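Morning, everyone. I have a few minutes and one structure to walk through.

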Amino acid sequence: MRQDTYTAQAVKAAEDKINNDKACKKILASKEILAYILKGVVPEYAECSLEEIAKQYIEPDEIFGTVPVAPGLTGKREYIEGMQQEDGISGEATIFFDVKFKVLLPGSQKSSAQICLYVDMEAQNRYRPGYPLEKRGIYYLSRLISSQIQKVSEDTDYGILQKCYSIWLCMGNDIPKGEQQSITRYSFKKEDVCGISDVAYKDYDMMSLVILRLGEGPTEEKTLGMLQTLFLGSMIPEERLKKLEEEYQLNISEEIGEEVRNMCSYSQVIEDRGMERGIEKGIEKGIEKGIEKGILIYRTLLETKSIQQTAAKTKEPADKVKKIAEKYQMEVLE
């Protein structure tokens with residue numbers, strides 16, 4: 001019998017759909033899952049093996065320490081330590097990263113200027129939340145860059161800045177059909193308007209935004225296929241685990257059984273699709289309205305992380321918003 005891995009234990013945590021949001025973040029903190037994503041969408045790791053990425057580059061013990069990001073989950077360094085998820089700057093909005101960590105660059109030396117990447121991994125269940133997701137991703141990247149220097153003066157050494165990636169995993173049912181099962185990367189490019197400048201690519205290639213859009217059905221793209229198997233679909237737990245192991249070589253325990261039954265999708269996506277099916281079958285109008293309001297409040301809480309901001313946006317009483325936040329054990333501000 002194989003040992004229960006960190007990834008398997010994280011998947012177990014999804015048995016209660018109220019905790020799916022937390023479970024998703026725990027799964028995305030798995031070195032094995034992160035290695036698969038990095039190899040698939042980050043060019044710096046395209047030629048590396050999954051084992052190299054997971055064991056040598058993602059927060060190696062001798063450089064980044066050994067404190068777990070997910071208390072209660074065991075397993076020796078199968079997970080990342082992670083960086084502080086809350087980022088607050090005086091005069092600016094506080095943002096909350098889902099999973100933020102450092103990863104060593106292949107072939108880098110401690111004496112060189114560029115030795116690692118700062119990576120932000122975001123799980124998103126609304127592809128178009130009322131604004132372009134791309135702009136939010138660029139904002140997050142800007143904060144990843146600016147947070148590396150605490151104080152600016154005439155003596156500031158900007159050469160210490162490390163490249164940043166913000167990777168957005170979109171799995172909501174509002175992704176247009178034509179955009180599903182796609183991956184887009186946005187990066188800086190140099191354009192010589194007049195004459196030619198001899199500037200090293202690494203000196204301006206400082207941030208990249210990656211958006212992965214999941215969808216239903218088979219795909220030949222391995223990263224999308226693995227993530228869809230992990231988070232979407234209606235497979236029974238045994239089928240899901242077997243496919244992850246056999247097709248994607250993920251070492252996930254077979255002893256999870258029914259505890260993964262709610263991993264058919266992430267967070268409120270389950271609720272959205274379930275409510276849609278229920279409404280189609282004839283749920284009474286009064287119940288339907290209450291459901292829609294509850295979903296709206298839940299979604300807005302996920303975005304704002306604030307009871308007061310959610311109350312203002314949804315035009316619902318703060319007490320009602322607070323009850324929903326408490327019911328779903330959401331970590332939000334008053």
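Start at Arg 128. Arg 128 lies over the face of Tyr 127. The distance to the ring centre is 4.3 Å. One word of caution before I go on: this is a predicted model.

Next, aromatic pairs. How many does the structure hold? Four. I'll show two of them.

Take Tyr 45 and Tyr 57. Their ring centres are 6.0 Å apart, and the planes stand at 50° to each other. That angle falls between the limits of 30 and 60 degrees, so the pair counts as tilted. Where do the two residues sit? Tyr 45 is in the loop between helix H3, residues 31-41, and helix H4, residues 50-57. Tyr 57 belongs to helix H4 itself. So the pair ties together parts that are 12 residues apart in sequence. Buried or exposed? Both Tyr 45 and Tyr 57 are buried.

Now Tyr 201 and Tyr 204. Here the centres are 5.4 Å apart and the planes meet at 90°. Over 60 degrees counts as edge-to-face, so that is what we call this pair. Tyr 201 has a relative accessibility of 47%, so it counts as partly exposed. Tyr 204 has a relative accessible area of 22% and is partly exposed too.

Back to H3 and H4, because these helices also pack. In general, two packed helices are described by the angle between their axes and the distance between the axes. For H3 and H4, the axes come within 8 Å and cross at roughly 120°. That makes H3 oblique to H4. The crossing is right-handed. Which residues make the contact? From H3, they are Lys 31, Ala 35, Tyr 36, Leu 38 and Lys 39. From H4, they are Leu 50, Ile 53 and Ala 54.

Last stop, backbone angles. Most residues other than glycine have a negative phi.

Gln 181 has a positive phi, near 55°. Gln 181 lies in the loop between strand E5, residues 163-170, and strand E6, residues 182-187. With a relative accessible area of 26%, Gln 181 is partly exposed.

Then Gln 249. Its phi is also positive, near 55°. Gln 249 sits in the loop between helix H8, residues 237-248, and helix H9, residues 268-280. Its relative accessible area is 56%, over the 50% limit, so Gln 249 counts as exposed.

Definitions and conventions. Residues numbered from 1 in each chain as written. Predicted model: local features only at pLDDT ≥ 70, side-chain atom pairs only at ≥ 80, totals over all residues. Heavy atoms only, no water. Phe/Tyr/Trp six-rings, centres within 6.5 Å; stacked < 30°, edge-to-face > 60°. Helix = DSSP H or I, 4+ residues; strand = E, 2+ residues; numbered from the N terminus. Buried < 20%, exposed > 50% of the residue type's maximum accessible area, 1.4 Å probe, protein only. Lys NZ or Arg CZ within 6 Å of the ring centre and 35° of its normal. Axes fitted to C-alpha atoms, helices over the stretch in contact; angles between N-to-C directions. Parallel < 35°, antiparallel > 145°, perpendicular 65-115°, else oblique. Left-handed = near helix turned anticlockwise from the far one by under 90°. Contact = heavy atoms within 4.5 Å.
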